[in-house]
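I opened my notebook to look up how side chains pair up in this structure. Come and read along with me.

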Amino acid sequence: MTVTGLNHALHDGYTDLIYVLLPVWQTEFALSYGLLALMRGLYAGAMAGLQIPAGRIAERIDGKIILMLGTALSALGYVFAGLSGGVLGLGLALTLSGAGSSTQHPIASGAVSRAYGRAARGPLGVYNFTGDLGKAAIPALTSLLLVVMSWRHTLLLLACAGLLVAGCIALLMPAVGRAHTSKATASSRAGSGRGGFQWLLWIGILDTAVRMGFLTFLPFLLRDKGASLPTSGFALAMVFIGGACGKFTCGWLGERVGTLRTVLLTEGGTAACILAVLALPLTPAIVLLPLLGVMLNGTSSVLYGTVPELTPSHRTERAFALFYTGTIGSGAIAPVLYGLLGDALGATMATVATAATALAICPLALALAPYLSDRVHSPRSNA
């Protein structure tokens, strides 16, 4: 669990440190905003597009080996980025690093699931929480390093940290994958292979769409309420802090009260909080944002913890790969769709649409309920 959490923090930090470097690269290589977006898209596209192949390979080869090699590849991608002399080399390096990161979500999630069996829901929530820690820590560290050294040396230093994590995987992580799954673990996973994964996937896609859509409009909503730029930055930080807490706590909540009740609670709470933020003045709206962050991000941990319960044990990595691909793709497409809606109807109505999308998840959760084991959605059986 410790190794997978450290690895998750590294990869999520690698993903978001690009935002810190975009202005630097714009100055260094005289890039347009379109090319800057392409640089970010090359990394994200390689990561999202190769997750399913990575999950399938992990069904044949020890997932520990693939995770170690993927982490090393991601680090080497940043080495090459630091050595790049032009936009072509930078783009190829970021694509390479994104390809390495594609191994992380499906294989590490599968490893946690196999290690904890029926008790994996809480640990998966902690695992997802470590990713948020990496998103906060590594970009912040990058900003500090850029004050005392060049961006090229900064990337080389961060790449060394990635190679160190790859070494930790090689030395400390046990073998994972179908060939190393014990019969006890496989038989103890109640509800494994029960079906209903397609409902879970759609819930994950819509949940991500709500989160990304709302965050797209939040700065504009705050501005219209009279918020200054620093105040908007503080407000966004409150959402992200609440989101990190939501990933940590809602995984355990799902273990205690079940997937169905938790999803209904978080999605209903998300819709109510979004509408409240729209209606409230600036200060009360900011006070509410941490709770909204908990609701926005909390559902994801519950959904991740349910993936292994609905799929056969030998296809756990493949299921996680498909799930992460769907949610990451939704995160890329949803802001565009809501943005078009905002152009047509205005930011307020587009934000109302995100609340309506959250409520639309509730019928999907009810459709998923028959596929959940009694242990999952019966509070007495958790006692």
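I began with the aromatic rings and found a cluster: Tyr-304, Phe-320, Phe-323 and Tyr-324 are linked by ring pairs. For pairing I took the rings of Phe, Tyr and Trp (its six-membered ring) with centres within 6.5 Å; planes under 30 degrees apart are stacked, over 60 edge-to-face, and the rest tilted.

A note on what I am reading: this is a predicted model, where local features need pLDDT of at least 70, side-chain atom pairs count only at pLDDT 80 or more, and totals for chains, interfaces and linings use all residues. Residues are numbered from 1 along each chain as its sequence is written, and side-chain values use heavy atoms, with hydrogens and water left out.

How many aromatic pairs are there by this rule? I noted seven. Phe-29 sits in helix 1 (residues 2-29) and Trp-151 in helix 8 (residues 151-172), so I was looking at a link between distant parts of the chain, 122 residues apart. For helices I used DSSP runs of H or I with at least four residues, numbered from the N terminus (strands are runs of E, at least two).

Next I turned to charges. Side chains of opposite charge can pair when their charged atoms come close. My rule for a salt bridge was a side-chain nitrogen of Lys or Arg within 4 Å of a carboxyl oxygen of Asp or Glu, and the count came to three.

Glu-28 bridges to Arg-152, with 3.3 Å between the closest N and O atoms. Because Glu-28 belongs to helix 1 and Arg-152 to helix 8, this pair ties together parts 124 residues apart in sequence. I logged Glu-28 as partly exposed at 40% and Arg-152 as partly exposed at 23%.

Arg-211 and Asp-207 form another salt bridge, 3.1 Å from N to O. Both lie in helix 10 (residues 197-224), four residues apart, about one turn of the helix. Arg-211 is buried at 11%, and Asp-207 is buried at 3%.

My last entry is the salt bridge between Arg-223 and Asp-224, at 3.6 Å from N to O. Here Asp-224 is exposed, with 56% relative accessibility.

Notes. Buried means under 20% relative accessible area, exposed over 50%, partly exposed in between (1.4 Å probe, protein chains only).
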